[in-house]
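Biologist: I have not looked at this one before. Can you put it up and take me through it?

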Amino acid sequence: MSSTAPRVPGPRVTINDVAARAGVSKGAVSIAFNNRPGVSPTTRERIFEAARELGWSPNQAARNLSGRRTGIVGLAICRPARLLGLEPFYMEFISGIEDVLAERSCSLLLRLVRDLEEETVLLEGWWRSRTIGGAILVDFHRDDPRVPPLRALGIPAVAVGHPSLTGGFPSVWTDDASAAAEAVRYLAALGHRRIARVGGPSGLGHSGIRAAAFETTMAELGLDGGRQVPTGFVGEEGARATRSLLMSPDRPTAIVYDNDIMAVAGAAVAAEMGLEVPDDVSLLAWDDSQLCRLTHPPMSAMSHDVHRFGEAVARTLFGVIEGTHEGDFQVPTPSLTPRGSTGPPRRA
């Protein structure tokens, strides 16, 4: 009776090995295999030859997941279902992800969770059961508790957040600090001296970045006492925060909101109190969805292409899975779009 010795796999070939064999950069290998301009036909053929010799292809990383369902990407969001259905940001963001997944005949597995611990357990289960080939991580906190267990698990993932928050996961992010500073400077240039901010949950990393930039810029401009009110992103809390600010003895003449739902709710509160926008109070939203253009007057906003943001996140994740990822990616910083809801204050 004969037996066959178990086959011992050799070291896994990576894109770096192909680049070294062909004498080119890792980026050149990615360009060649994605059929993009930037390398000569001779160089492209040399890269392909090196890959053939080493037995490597861009999808090798996916195959090495041993049958894992790489056609499914996991996304867990810590939001109530009713809020997610109303929040324009996530609808646009997910549509951008879906566009890229559709190009590759892949699917998104979306789950709403109550907290970060539940999310961690969920992603661990999906990965160990071979349900997903990778994950998108959102809404990072300072010292985020998801990072250590998910990094130890080895799950391919892309983090949506500033690299200072994401614990070494490949990041796609936008410069919230610069955008928050621009919002304050714009309102100050219009003559506003009392500016307030209605922000998201204080524990969220990007809310903290915006809050720090708001405070720093107010101090740099000599505008002391800018109030900041944390909320849960919902319209009711935005309305409550706005009412509190506008009923204060030294009420602000301008308010910046962390999302458009709260800004629209704030506009309704101003109208309820008999205040005119922008003469009595200027309002400035974040993200600039269709909601901002349907209010009267139309809402000024810090605008960015959320759909393309979602596309960039999905493409980065596939780069991680396939071994062609080349580093963190910053999408364009939100830019100011002035509309009728902002203007010089009637009273200074």
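Modeller: One term to begin with: buried means under 20% relative accessible area, exposed over 50%, and partly exposed in between, with a 1.4 Å probe and protein chains only. This is a predicted model, where local features need pLDDT of at least 70, side-chain atom pairs count only at pLDDT 80 or more, and totals for chains, interfaces and linings use all residues. Residues are numbered from 1 along each chain as its sequence is written, and side-chain values use heavy atoms, with hydrogens and water left out.

Biologist: How many salt bridges turn up in the whole structure?

Modeller: The search finds 21 salt bridges. A salt bridge here is a side-chain nitrogen of Lys or Arg within 4 Å of a carboxyl oxygen of Asp or Glu. One of them joins the side chains of Arg185 and Glu220, at 2.7 Å from N to O. Arg185 is in helix α9 and Glu220 in helix α10, 35 residues apart. Helices (H or I, at least four residues) and strands (E, at least two) are DSSP runs, numbered from the N terminus.

Biologist: Is Arg185 buried, partly exposed or exposed?

Modeller: Arg185 is partly exposed, at 40% relative accessible area. Glu220 is exposed, at 53%.

Biologist: And which residue does Asp258 form a salt bridge with?

Modeller: Its partner is Arg197, with the closest N and O atoms 2.9 Å apart. Asp258 lies in the loop between β8 and α12 and Arg197 in strand β6, so the pair ties together parts 61 residues apart in sequence. Asp258 is buried at 2% relative accessible area, and Arg197 is buried at 6%.

Biologist: What about Arg339 and Asp288?

Modeller: Their side chains meet in a salt bridge at 2.9 Å, N to O. Arg339 is in the segment after β12 and Asp288 in the loop between β9 and α13 (290-294), 51 residues apart. Salt bridges that share partners also join Asp176, Arg197, Arg210 and Asp258 into one network.

Biologist: Back to α9. Which of its residues are buried?

Modeller: Among them are Asp176, Ala179, Val184, Tyr186 and Leu187. The buried residues of α9 pack against β6 (195-199), α10 (205-220), β8, β9, β10 and β12 (335-337). Contact means heavy atoms within 4.5 Å. Just after α9, Gly191 takes a positive phi of about 110 degrees.

Biologist: Which strands pair with β9?

Modeller: Strand β8 (residues 254-257) runs parallel to β9, joined by three bridges, and Ile255 stands opposite Leu283. Strand β10 (residues 300-303) is also parallel to β9, over four bridges, with Met302 as the bridge partner of Trp286. Two strands pair if DSSP finds at least two bridges between them.

Biologist: How many residues of β1 are buried?

Modeller: Six of the six residues of β1 (residues 72-77) are buried. Ile72, Gly74 and Ala76 point one way, and Val73, Leu75 and Ile77 the other. In a regular strand the side chains alternate between the two faces of the sheet.

Biologist: Last one: what is Thr316 in contact with?

Modeller: Leaving aside neighbours within four places in sequence, Thr316 contacts Val158, Val172 and His325. Thr316 sits in helix α14 (residues 306-322) and is buried, at 11% relative accessible area.
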